[in-house]
Amino acid sequence: MRFVLFGRYRPEQNALARDIFSRNGRNSRDFRFACSEDYWALLTDDDDRILAECTLSSERGLFSDRVQAYCICDVFVPEQYRGNQYAVALILNVMYELEPAESTTSFYLHAYRRNRSAIRCYRKIFGEPKHIGRRLVTFASNPSRSWLFQLLS
Ligand SMILES: CC(C)(COP(=O)(O)OP(=O)(O)OC[C@H]1O[C@@H](n2cnc3c(N)ncnc32)[C@H](O)[C@@H]1OP(=O)(O)O)[C@@H](O)C(=O)NCCC(=O)NCCS
């Protein structure tokens, strides 16, 4: 499996991502859009088939450029690959890559209450939701690297 993180703040991975996109039948408009996002993450198999993907936007402080939080969006696993924890693997890799040591940066995401697969998936990463609203369930985390290391090893 391969993990690729690219987009506005990771342009050095753009050529690799473009190649993976075209192998997966994505058009160049799709690719331009991906590069304009703060981050776009892909998990592929050894033949470069996309198993899971998501986007991220970073929220920076009002008076500093430091990232305070990352919002994880558009998590998607093609139907034929669902149920293999690929989204879990993708999100853990994203957090591992973007979380500097000793950081207080948090990650969060929302799922519709009716989206049971998503909620079951995110529980595995974040535990119980931080908030359950009428329509949306919010998960959030402020992970320490130590447990990420254990999960990724
Ligand atoms: C939500 C989603 C990203 C989860 O990805 P995943 O890699 O399949 O996640 P997991 O393997 O952890 O499975 C999560 C749950 O999905 C359900 N599931 C298992 N196989 C499934 C399948 N073939 N089809 C649909 N759901 C399935 C199970 O309830 C599973 O929970 P369990 O492992 O406790 O049994 C994926 O279902 C998806 O892309 N859905 C469509 C887009 C979407 O809703 N994105 C989320 C937006 S918030």
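Two strands are taken to pair if DSSP finds at least two bridges between them, and the strands are DSSP runs numbered from the N terminus. The model described here is a predicted one.

With pairing understood in that way, Glu 53 stands opposite Phe 76 in E4. The two strands concerned, E3 (residues 50-60) and E4 (residues 67-76), run antiparallel and are joined by 7 bridges, and together they form a hairpin with 6 residues between them. A further pair of facing residues is made by Ser 58 and Tyr 70, the latter in E4. Tyr 70 also stands opposite Phe 107 in E5, in a pairing of E4 with strand E5 (residues 106-112) that is parallel and rests on 3 bridges.

| Strands | Sense and bridges |
|---|---|
| E3 (residues 50-60) and E4 (residues 67-76) | antiparallel, 7 bridges |
| E4 and E5 (residues 106-112) | parallel, 3 bridges |

Both pairings belong to an open sheet of 7 strands, whose order is E1-E2-E3-E4-E5-E7-E6 and whose pairing is mixed. At the edges of this sheet lie E1 (2-6) and E6 (131-132), each of which pairs on one side only.

Helix H3 lies across E1, E2 (39-44), E3, E4 and E5, and runs at about 35° to E3. The largest nonpolar core has 33 residues, and those with the most contacts inside it are Ala 41, Ile 72, Leu 90, Ile 91 and Val 94. H3 provides the largest share of this core, namely 6 residues. Where does the chain come into contact with Ala 41, once its neighbours within four places in sequence are left aside? The residues in contact with Ala 41 are then Leu 5, Glu 53, Cys 54, Leu 56, Leu 90 and Val 94, and Glu 53 is the residue that stands opposite Phe 76.

Technical notes. Residues are numbered from 1 along each chain as its sequence is written. This is a predicted model: local features need pLDDT of at least 70, side-chain atom pairs count only at pLDDT 80 or more; totals for chains, interfaces and linings use all residues. Helices (H or I, at least four residues) and strands (E, at least two) are DSSP runs, numbered from the N terminus. A nonpolar core is a set of buried Ala, Val, Leu, Ile, Met, Phe, Trp, Tyr and Cys residues joined through C-beta atoms within 7 Å. A residue is buried if 20 or more other C-beta atoms lie within 10 Å of its own, exposed if 12 or fewer, and partly exposed in between; C-beta atoms are placed from the backbone. Two residues are in contact if their C-beta atoms, placed from the backbone, lie within 7 Å. Axes are lines fitted to C-alpha atoms, for helices over the stretch in contact, and angles run from 0 to 180 degrees between N-to-C directions.
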